[in-house]
Amino acid sequence: MKRSEAGWMVMGEGGRPSALDVCRVLAVFFALFPSVSLQCKVIKCTTEYLAITSNSALGEEEYCTALRAYKSCVGRLARSCRGDLAYHSVQHGIEDLMNQKNCSREGPTFQPRARTPPPPPPPPPVLTDSQERSDGPEVCHYERSLTRTSAPPNYTHCGFFGDPHLRTFGDDFQTCKVEGAWPLIHNKFLSVQVTNSPVLPGSLATATSKLTIIFRNFQECVEQKMYHAETDDLPAAFADGSKNGGDRYGANTLRVVEKAPGQHVEIQAKYIGTTIVVRQVGRYLTFAVRMPEEVVNSVEEGDTQDLYLCLHGCPANQRIDFRNFRARAAEATQGASRTRGDAGTHGFTYKSAKAKCKERLPVEDLYFQSCVFDLLSSGDINFTMAAFYAFEDVKMLHSNSKRYHIYEKDALSSAAQGGKHFLLVLVFNLLAVLLCGAALL
């Protein structure tokens, strides 16, 4: 294994990374940070390069020709991508590959290939009225693709809402800072990234203002699709204007359904047994998903998934203990509700915030507590509805009705288990260091 100058760790024949290996790394990188493709279209150059170099019969000179074309394509984006970290990483990566392949900077480049239109899809089978109409081949429908002897799928849920609060696939409930762009989900089938912005100037309170979902190309079922939403723009279609998975026979197993214009969209991905709900409540977005455990754990090879919030929760240094916040707010006098930084009031006392949240959330679980927290930290009454709809989505998407409500004791138990796990890992690491040291003596 060899680390390239651009900082990528890739494998190749004889320890040398191949162009295809580097492109696979780039493809994963762009899936993790889809905002790059929205800003400067580098992913288009990478996709064209992948299409050329996926042919294993290419010779060294043909690879060099493809690299020069890749370099030329990226070079044309210099103005729109100025200052973009990913763009400059791609530039360095191309230079590194050209050096490894001893490619000349001068020479021919591939001409754009004329696209051959795909063959028309086969006509749907003629069904009698007594037969259920199919959305496509069985492989394009997750539940129908399971064998009769298979165990029924275990569906999991993740939600992200408010200032912001996270319910992980493991039913951990956390309140986080996470300002800026963060990945929620990333596996072999789809990637989800959110961008969180300050609720008030100078405030530590943040909420989701942008959301990007990429559905990967999947067999004969669906083409790669991107869904992008942001404040005051909750589209009822994918970024290319389509409402389903493309022109393939199983395309309708991925579709966007508008439930309430500009307020509520549902994305159904039957080919992976997944349902996603995106809402705009006030000025901010909420996210909820129902996904089979098998799909959740379909990890890319070599991907530890440490940073994906829905799987592992927010990093420890990004978590907020709102029990302390609540205790301070309860002690405040005469309407002095406090922000995270104890900087002023926003019109709610602890008592009035509880009363307002009680109107929509009668059970004092963590959804209720998150509502109180948001009203005190922001003063934005719309966060009451964000917590309410987040709980409504749990009732629709969670497979275990006994786990709809999560209480503080559940969160404390989960935190204790996490602490034990961390201590165990620390002990094992210490033992490894001691053993290595002894071996060197």
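Mentor: A residue is called buried if its relative accessible area is under 20%, exposed if it is over 50%, and partly exposed in between, using a 1.4 Å probe and protein chains only. By that rule, 46% of the 441 residues in the protein chain are buried. The model is predicted, so to speak of a local feature takes a pLDDT of at least 70 and side-chain atom pairs count only at pLDDT 80 or more, while totals for chains, interfaces and linings use all residues. Residues are numbered from 1 along each chain as its sequence is written, and side-chain values use heavy atoms, with hydrogens and water left out.

The part to look at is helix H12, residues 382-397. Helices here are DSSP runs of H or I with at least four residues, strands are runs of E with at least two, and both are numbered from the N terminus. The protein chain has 13 helices and 14 strands.

Begin with the partner H11, which covers residues 366-378. The axes of H11 and H12 come within 8 Å and cross at roughly 160°. An axis is a line fitted to C-alpha atoms, for helices over the stretch in contact, and the angle runs from 0 to 180 degrees between N-to-C directions. Angles under 35 degrees count as roughly parallel, over 145 as roughly antiparallel, 65 to 115 as roughly perpendicular, and the rest as oblique. H11 and H12 are therefore roughly antiparallel to each other. Their crossing is right-handed; that term applies if the near helix is turned clockwise from the far one by less than a right angle, and left-handed if anticlockwise.

Contact means heavy atoms within 4.5 Å. On the H11 side, the residues that meet H12 are Tyr367, Ser370, Cys371, Asp374, Leu375 and Ser378. H12 answers with Phe383, Thr384, Ala387, Ala390, Phe391 and Val394. Eight residues of this contact are nonpolar, three polar and one charged. In that count, Ala, Val, Leu, Ile, Met, Phe, Trp, Tyr, Cys and Pro are nonpolar, Asp, Glu, Lys and Arg are charged, and the others, Gly among them, are polar.

H12 also packs against helix H10, residues 350-360, at an angle of about 40° and with the axes 9 Å apart. That makes H10 oblique to H12. The crossing of H10 and H12 is right-handed. Lys356, Cys357 and Arg360 of H10 make this contact with Thr384, Met385 and Phe388 of H12. Here the residues divide into three nonpolar, one polar and two charged.

Tyr367 and Phe391, named above in the contact of H11 with H12, also belong to a cluster of ring pairs with Phe161 and Phe173. A pair of aromatic rings is described by the distance of the centres and the angle of the planes. Rings of Phe, Tyr and Trp (its six-membered ring) pair if their centres lie within 6.5 Å; planes under 30 degrees apart are stacked, over 60 edge-to-face, and the rest tilted. A search of the whole structure finds nine aromatic pairs.

One pair elsewhere shows how the numbers are read. The rings of Phe189 and Phe218 have centres 5.8 Å apart and planes at 65°, so this pair is edge-to-face. Phe189 sits in the loop between strand S6 (180-186) and strand S7 (190-198), and Phe218, 29 residues away, in the loop between strand S8 (206-215) and strand S9 (225-230). Both of these phenylalanines are buried. Phe215 and Phe238 make another edge-to-face pair, with 6.1 Å from centre to centre and 80° between the planes. Phe215 is in strand S8 and Phe238 in the loop between S9 and strand S10 (254-260), so this pair ties together parts 23 residues apart in sequence. Phe215 and Phe238 are buried too.

Contacts between separated parts of the sequence can also be counted for the protein chain. Among contacts between residues at least 6 apart in sequence, 56% join residues at least 24 apart.
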